[in-house]
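Subject: Structure handover

Hello,

Here is the structure I said I would pass on. Please open it beside this email and follow along with the notes below it.

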Amino acid sequence: MGARSRHARVVPTIKEISLIAELCVQCRPTKRGGYLVDPKDEKSAQAPKTGSKSAAAPLADTRWSSSGSGRRLAAITRKEFIQLARDRRTVALMVGMPLVLLIIFGYGIRLSVGNIVAELVGHDSPAIRVALGEQNHFKVLPTVAKSESAARKDLLDGRTSVAVIVGATGLPSSVLVDGSNAFVAQNSLDYLRSLTGSSAVQPVNVQVLYNPTLRSADFMVPSEVGMIMLWVGTVATAIGVVREREQGTLEQLMMTPIRKLELMLGKILPYSALTLVIAVVITILGLLLFQVPLRGNPLELLLFAVPYLVSALSIGLLVSTIAQNQRQAMQTTTFILLPQILLSGALFPLAAIPWGIRWVSQLLPLTYFTPISRDIFLKGLGFSELWPQVAVLCGMAVIFTSLATIFFKTRLD
Amino acid sequence: MSVDVAVEARAIVKSFAGMRALDTVDVEVTKGELCGIVGADGAGKTTLLRCVAGLYRVESGSVLPGRGRRNQVGFCPQGFHLYADLTVDENLEFFGLVYGLEKRTLAQRSEELLRFAGLAEHRSRLAGNLSGGMQQKLTLACSVLHRPPILLLDEPTTGVDPLSRREFWHLIEVLHADGTTIMMASAYFDEVERCEHVVFLHEGHVLADGSVDELTSGNNSLEEAFRQLMSESEAGPSNAEVTK
């Protein structure tokens, strides 16, 4: 640029000059000439001064010091805690949602189906009524359908789920089951088999261990601890980072010496603490509301939850590297969490998952935490039996945190 | 690169989705200089500052200080990008700690900067509840906590009332008087006229750069000079970059 040359600055007004002078007097003098610099601070100041005369590096290429790593991490963690404490709506959601889920899962979800509506067809049979009505598996309609077609109409309309066709002898000749709800149909078939086969099978002394009454709550609550920690932790972390991006504060952070790992850990630590507190609350409520037995060591449960939580939260961080806004973060998180809950064995047994996609289960942290939680709750197991799952979770925590750190961009493009 | 150069962009190119935001841009800012970059919306001012700050990777060309030397840069982005749910004090403390300042040093500098920016009375207010002008001053204070020798300001007074604009300019003048190299993007010609060095940026190209006197020669104002160069640039490439 040939025409460019130094030029006198626009002259400030007298008022401006006096204000500047006043400010300069207030501030301590330095070699740089004035504002704000305390000579004692020079040692700690990381930014080099202007005036370096090295032609090769007119502005010295000093890197940020790594010595302040712990302080930076503490600063981020503290900031997150302050923000969490002030964001009452989010905290209410984080605490309230697990409680609602606990009650829904604990009270609402039953693995055994009762009171399946059934009707007799053709002829009435008090013996069959009694057999079906035992243990409240079926609720038998007082009326009798006149024909099979009438029974099929009732099944089609959803008035009944099972129709037992009774012959003139009073014995059942065939049974129609509404298969549109596979869960109800499967339970109906199991009950019916037990009824029809009871006379042919020799009585066997069956003993159910760890959950003798086969209570759904005993099965569900330990799984819920893992599911809720996963949900809350992943969503909160993903949203936490994406919100920084949306609000532009990430751009400011990128100009500071914060390292990616510091930022990642700074996000993980506060949410881990909060999620652990929520897990403790859920466990206590599970014990009080549903009388679920906790036969193992609760401290071990808490300890083993740490690597699981770090894995879950790191998945949230990974989501934040993909999502550009909070809506995308929510959608991506749901997309990742739903398969976890369905394929981890928390709700459905792993054995029921086809081999083709069972490998997916092996990649999910919840797959390893669910048996830990269940076995501590119901079987009273400890580290000596559960260490393989704990080791896998520790490995996952390292891998997912590393991946999140690697994929996290420190530039805007 | 000369020993007296603080910021240097050499033939830098940056595109977004196939559109060139910066097309072979050359800019040089001398140490201690107050440089204003002026242009319409979409001219590439923010992109240029972000490239200089190392927030964008340039496709070709070279830029200093860039990412490797971001510790020498204070960046004041367009709009308010601090933590709205933290108080003024907490924002300063957070950024001071992540810049690695000792607590005692941080407390001193925060105190000085609060006084400097006229925010001492508002230190306990949430940053999100401050006026636009106060938010800009707080952003500036957080950007200079680590005393960077280079300060990049991206349209710092856009959307700010005239009085706050005037106060903000006082702060810039003080920083400049202290020897800080300042590179400021602005859409206001009256602001850029206060700079020693002005860069006209239009559609990713530098139309001209020089002192206000150099750029206004033959024109009544900087804006007129810019408009003339812009129409020449749009009329044909042969007339573009007349003063370059």
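Where pLDDT is low, the predicted coordinates should not be read in detail. The mean pLDDT of chain B is 88, with 95% of its residues at 70 or more. Within chain B, confidence is highest in strand β3 (residues 34–38), at 95, and lowest in helix α8 (residues 222–235), at a mean of 85. Helices (H or I, at least four residues) and strands (E, at least two) are DSSP runs, numbered from the N terminus. The model scores ipTM 0.86 and pTM 0.74.

This is a predicted model, in which local features need pLDDT of at least 70 and side-chain atom pairs count only at pLDDT 80 or more, while totals for chains, interfaces and linings use all residues. Residues are numbered from 1 along each chain as its sequence is written, chains are lettered from A and ligands numbered from 1 in the order in which they are written, and side-chain values use heavy atoms, with hydrogens and water left out.

Helix α2 of chain B

Of the 11 residues of α2(B), 9 are buried, so the helix is largely enclosed by the rest of the structure. Buried means under 20% relative accessible area, exposed over 50%, and partly exposed in between (1.4 Å probe, protein chains only). Among the buried ones are V88(B), E90(B), N91(B) and F94(B). The buried residues of α2(B) pack against α2 and α8 (249–254) of chain A, and also against α3 (103–116) and α4 (132–143) of chain B.

L92(B) sits in this helix, which spans residues 88–98, and counts as buried because its relative accessibility is 1%. Which residues does L92(B) touch, not counting those up to four places away in sequence? They are L106(B), S110(B), L114(B), L138(B), A141(B), C142(B) and L145(B). Just after α2(B), G100(B) has a positive phi of about 85 degrees.

The cavity and the pocket

Rolling a probe the size of a water molecule over the atoms shows where empty space is left. On a 1 Å grid over the protein atoms alone, a cavity is a set of points where a 1.4 Å probe fits but cannot get out, and a pocket is an open set with protein on both sides within 12 Å along at least five of seven lines; lining residues have an atom within 4 Å of a point. Grid points are joined across faces, edges and corners, and a volume is the space filled by probe spheres set on the points.

The whole structure has 2 cavities of 30 Å³ or more. The second largest cavity has a volume of about 50 Å³. Its lining consists of A75(A), R78(A), K79(A), I82(A), L86(B), E90(B), F94(B) and L97(B). The largest share, 4 residues, comes from α2(A).

The largest pocket holds about 520 Å³ of space. Its lining has 27 residues, and D87(A), T90(A), A236(A), I239(A) and R243(A) lie nearest its centre. Helix α7(A) gives the most, with 9 residues. By class, this lining has 13 nonpolar, 5 polar and 9 charged residues; Ala, Val, Leu, Ile, Met, Phe, Trp, Tyr, Cys and Pro count as nonpolar, Asp, Glu, Lys and Arg as charged, and the others, Gly among them, as polar.

Helix α4 of chain A

In α4(A), residues 126–133, I128(A), R129(A) and L132(A) are buried. Seen down the helix axis, the buried residues fall within an arc of 105 degrees, so they line one face of α4(A); the arc is that of the directions from the helix axis to the C-beta atoms. On the other side, P126(A), A127(A) and V130(A) are exposed.

Backbone details in chain B

A cis peptide bond joins L64(B) and P65(B), with omega about 10 degrees. P65(B) is in the loop between β4 (60–64) and β5 (73–76). T24(B), in strand β2 (residues 19–30), is a residue other than glycine with a positive phi, near 55 degrees. T24(B) counts as partly exposed, at 41% relative accessibility.

Regards

Key
pLDDT = per-residue confidence, 0-100. Contact = heavy atoms within 4.5 Å.
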